[in-house]
Amino acid sequence: MQKIRNNVLERLMKACLSRAEIDFILYISHYQDDSGRVIGLYYKNVCKALEISYQTFYDVLRNLEKKGIISAQKAFYGDWDVTILDNQFEKEYSGYISTGNDIFINKDFLKCKAEEKLLAMEFLKIVKNPQNGGKYCISREKFLEKYGAILHVTKRILMRYLQSLKRFFSIGLKAGKYFIRLKKEYAEKEISKKDKELIKEHVSGVVFRRQKATYTENEFRDTAQLLIQYASRLGDGLIQKFGEAVAESIGRRNNKIKNKYKWNRELNPKFVHQILLEKLPVK
């Protein structure tokens, strides 16, 4: 569910976040379920993706909790269950920005300052609102006053941010008003990976890592595909049942070997499938 609700964005704008904290929120938004929860967030994966140190990861986790942006629970060795607070999409909800937009993976965007990223997200929220006709119109005076106060920066610095964001937005000034539009190359691009595909890859990785499973590329793909294949039949119990099936497939194959360090942990997609079928609810 690659989305952040508008009310969550408002909190982010006012929370004095660092660049690492914003990058963290954007990153985990790709792997959240409809309740805003990310299962099994592994610190090494986050550090590699965001190019931050292990210490920064834990600092970000702690700071975002203190600021009321997320809740986090240690779930397994090295990984956490993290929820973006108030970012539920269990019912249809229209007031949000899509974090699947290609602007968020652009190398220039990744280098932007924290305040520039927040301002870009604010612009995206407004120009993507169908009621605004694809543009954000605001007087220069009101813009400087409003966002200077929210971001706690001077007018001169705010003007620098605007100049920086011209890489992604068309920003014109006419009759004392700013007219801001998303550039065509970002307005027309589709999300590169769909929600189901991202969550499938993430959840599979979590389950396989926790079971210390070994696998080839094909074994990963075929086993992970079961998550999508049986999503509708298992519903909310999908992840638990999938994890149990993987664990049992390894346990049963090694039931005569007492020393778990000597177990063969290679994934067997067909065996996992067989066990998963045993766990399906009776129609």
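The secondary structure of this chain, taken from a predicted model, comes to 14 helices and eight strands. Along its principal axes the C-alpha trace spans about 80 × 40 × 30 Å, and of the 283 residues of the chain, 46% count as buried. The points below begin with the chain as a whole and then turn to individual residues.

**Whole chain**

- Among the contacts between residues at least 6 apart in sequence, 68% join residues that are at least 24 apart.

**A positive surface patch**

- Arg19, Lys113, Arg156 and Arg160 together form a positive surface patch.
- Of these residues, Arg160 is found in helix H8, which covers residues 155-165.
- Arg160 counts as exposed because its relative accessibility is 55%, where the cut-off for exposed is over 50%.

- Gly36 is found in the loop that runs between helix H2 (19-29) and strand E2 (37-42).
- With a relative accessible area of 0%, Gly36 is buried, since that term applies under 20%.
- Leaving aside the neighbours within four places in sequence, Gly36 is in contact with Val82, Thr83, Ile84 and Asn87.
- Gly36 and Leu85 are 49 residues apart in sequence, yet their C-alpha atoms are 6.9 Å apart in space.

- Cys16, a residue other than glycine, has a positive phi near 55°, and it is found in the loop between helix H1 (6-14) and H2.
- The relative accessibility of Cys16 is 54%, and therefore Cys16 counts as exposed.
- His152, although it is not a glycine, has a positive phi of about 60°, and it is found in the loop between helix H7 (140-151) and H8.
- His152 is exposed, because its relative accessible area is 57%.

Notes:
Residues are numbered from 1 along each chain as its sequence is written. This is a predicted model: local features need pLDDT of at least 70, side-chain atom pairs count only at pLDDT 80 or more; totals for chains, interfaces and linings use all residues. Side-chain values use heavy atoms; hydrogens and water are left out. Patches are made of residues with over 30% relative accessible area and no salt bridge: like charges are joined within 9 Å, nonpolar side chains (Val, Leu, Ile, Met, Phe, Trp, Tyr) within 5 Å. Accessible areas come from the Shrake-Rupley method with a 1.4 Å probe; for residues, only the protein chains shown count as cover. A salt bridge is a side-chain nitrogen of Lys or Arg within 4 Å of a carboxyl oxygen of Asp or Glu. Lys and Arg count as positive and Asp and Glu as negative; His and the chain ends are not counted. The place of a charge is taken as NZ of Lys, CZ of Arg, CG of Asp or CD of Glu. Helices (H or I, at least four residues) and strands (E, at least two) are DSSP runs, numbered from the N terminus. Buried means under 20% relative accessible area, exposed over 50%, partly exposed in between (1.4 Å probe, protein chains only). Contact means heavy atoms within 4.5 Å.
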